[in-house]
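Hi everyone, thanks for making time today. Let me put the sequence and the model up on the screen, and then we can walk through them together.

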Amino acid sequence: MDVLKGKAWCFGDHVDTDQIIPAERLVAENLDHLNEFIFEKVRPGMAQAVQKGDIIVAGRNFGCGSSREHAPRSLLQAGISCVVAESFARIFFRNSLNVGLLLIECSADVSEGDLLEVRPKEGKLINLSNGMEFDFQQYPEFISELVSSGGLLELIREGRF
Amino acid sequence: MDRGKTIAEKILSAKSGVDAYSGQIVKANVDYVMVNDVTGPIAFREFEGLSMEPQKDKIVLIPDHYVPNKDVASAEQAKEMREFARRWQIANYFEVGRSGVCHQLMIDEGFAAPGRLIVGADSHTCTYGGLGAFSTGVGSTEAAAVFATGRLWFKVPESIKVELTGSFRKGVGGKDLAIRMITDIGVDGATYKAIEFSGEGLASISVSDRLTVANMAIEAGGKAGIFPCDELTEEYIKDRVRGKYERYYADEDAEYCQMLHYDLGEIEPMVAFPHLPENGRPVREADVAIDQAWLGSCTNGRIEDLRIAAEVIKGRKVHPNVRFIVVPASMTVYRQALDEGLISLFIEAGAFVSGPTCGACLGGHMGILAAGERCVASTNRNFIGRMGHKDSEVYLAGPAVVAASAVAGRIITPDNLEEI
């Protein structure tokens, strides 16, 4: 995976999927433009301001709550290149693997708007705004293969699951 | 490996054919995969893209979130599910009027049973652990994968053992235990883990209460919340269950990552303050005026919950400043409540009673909150804006407290209602 570069949007602990995309937006007619609604209740205007490549940085338990796959999909559609958090909720984690949203488990010193560089192959996150570097663990083997194949359905298509 | 197994390890071993322990990744045969009207459409699209035949008998389709259709967009989406069911001739599609909140219906219709491995594209799929199943929430793409193959991968979870002793005092139930436990371990206290319940206290916990507790396992981040099957379970499912099922019990030398103990007699009526289920406090410490009381959902919308609420509200009136909304979790529950006279009793008291839907629990319809409004709800989440406006507030409690609060106009236990 290539080096990613983007501006940080900072959040706290326990960002739930209702915050990422509210339930009232979960209708099929919105599936191709879920990005318009991200964080609309808690960070109005973010959906319009987010730039391709931007990175979300959060605390513990990012993506807790509902199983809605709309959550990682909406972030991807908005151009978010990865989410960096101290930990992730389980269903959000699995959903992200299948839709191709990169998640990085890492506790990093980042402020809103900092420019970040992520080197997935090296397991390194660099805060270009304050010069600090952080290491993160790569996905375990099974998950890395799942992600590099393009998700579970690709494995099924290839007869590998 | 020469050590005993937890219930989660046993079920995942049996379903994968591998002698599996926590930490291992297994591919397991899933008994049922359920999707609802919100998560279904993505699953259908992803499945159709595979050009494969579906595992028809394993698929259960239940529209519940935005039905009866709340608007045109919801109608289109519910129609998509109906058409998918027709196209692939999936028998287990449950139409409005013969249906209910998906998890209650999975129980009513006998899909949920001890020892089964069930996944659902809804986070509260963990509910069936109340019957001794290993059941967990997945995303739509994973549901589509199960539609196609009947299998899914699982990382066998570590388990937290919760030892229960004693029995609940009157007016205390599963919801209070769940809020107490989530408050103790936090909303990520069980992330990636199963919570296994054990101990002599189990015998005094009704199956309905067990389902409530298992349902809330996800609110601690849990992958599953599992109660071992016993005589109460067998009695509860005997007229509903489809097919055969296996019972699995933990070995005495099973390994757990954490041990918790609760004396049920010491659990107090609890209420979780906004905006996280871990913000539990004893109800006696609450001083909160409410605009709405909401009874229903997969957490506390069963007949047992309605009976508890009815007993509290019998002969009393809903407070003039409060809307009390009662939503039985399925048509079966609705019918039972009607036969037992509970519906009339709620209406007499001044409540609004509707047919089953997830409705306002997730901010869908039928009881949405305006800015600044407060609701005490028998539901499972009190996140920011969960039931409506971002500046509204949801307080989670059990059915007795919800009903008492509807009368008092503020959050209160039934005991304190006597003094009003």
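Let me start with a question: which residues point one way from strand β5 of chain B, and which point the other way? Phe134(B) and Thr136(B) go one way, Ser135(B) and Gly137(B) go the other, and all are buried. Buried here says that 20 or more other C-beta atoms lie within 10 Å of a residue's own; 12 or fewer is exposed, anything in between is partly exposed, and the C-beta atoms are placed from the backbone. In a regular strand, side chains alternate between the two faces of the sheet.

Before going further, some housekeeping. This is a predicted model, so local features need pLDDT of at least 70 and side-chain atom pairs count only at pLDDT 80 or more, while totals for chains, interfaces and linings use all residues. Residues are numbered from 1 along each chain as its sequence is written, and chains are lettered from A and ligands numbered from 1 in the order in which they are written.

Back to β5(B). Strand β4 of chain B, residues 117–120, runs parallel to β5(B), with four bridges joining them; two strands pair if DSSP finds at least two bridges between them. Leu117(B) stands opposite Phe134(B). Helices (H or I, at least four residues) and strands (E, at least two) are DSSP runs, numbered from the N terminus.

The peptide bond from Val67(B) to Pro68(B) is cis, with omega near -10 degrees, and Pro68(B) sits in the loop between β3 and α3. A cis bond also links Pro274(B) to His275(B), with omega near 0 degrees; His275(B) belongs to the loop between β11 and β12.

Then there are positive phi values in residues other than glycine. Tyr192(B) has phi near 70 degrees and lies in the loop between α6 and β8. With 18 other C-beta atoms within 10 Å, Tyr192(B) is partly exposed. Ser297(B), with phi near 85 degrees, is in helix α9. Is Ser297(B) buried or exposed? Buried, because 29 other C-beta atoms lie within 10 Å.

In domain 1 of chain B, 33 residues are in contact with 33 residues of domain 2 of chain B, where contact asks for C-beta atoms, placed from the backbone, within 7 Å. On the domain 1 side, α6(B) gives the most, with six residues.

What about the two chains? Here 41 residues of chain B are in contact with 37 residues of chain A. On the chain B side, the largest share, seven residues, comes from α5(B).

Finally, chain A. Six helices and seven strands make up its list of elements, in the order β-α-α-β-α-β-α-β-β-β-β-α-α. For 161 residues, a compact globule would have a radius of gyration near 15 Å, and chain A agrees at 15 Å; the radius is taken over C-alpha atoms, and the rule is 2.2 Å times the number of residues to the power 0.38. Of those 161 residues, 48% count as buried.

That's my tour, so over to you for questions.

Conventions
Contact = placed C-beta atoms within 7 Å.
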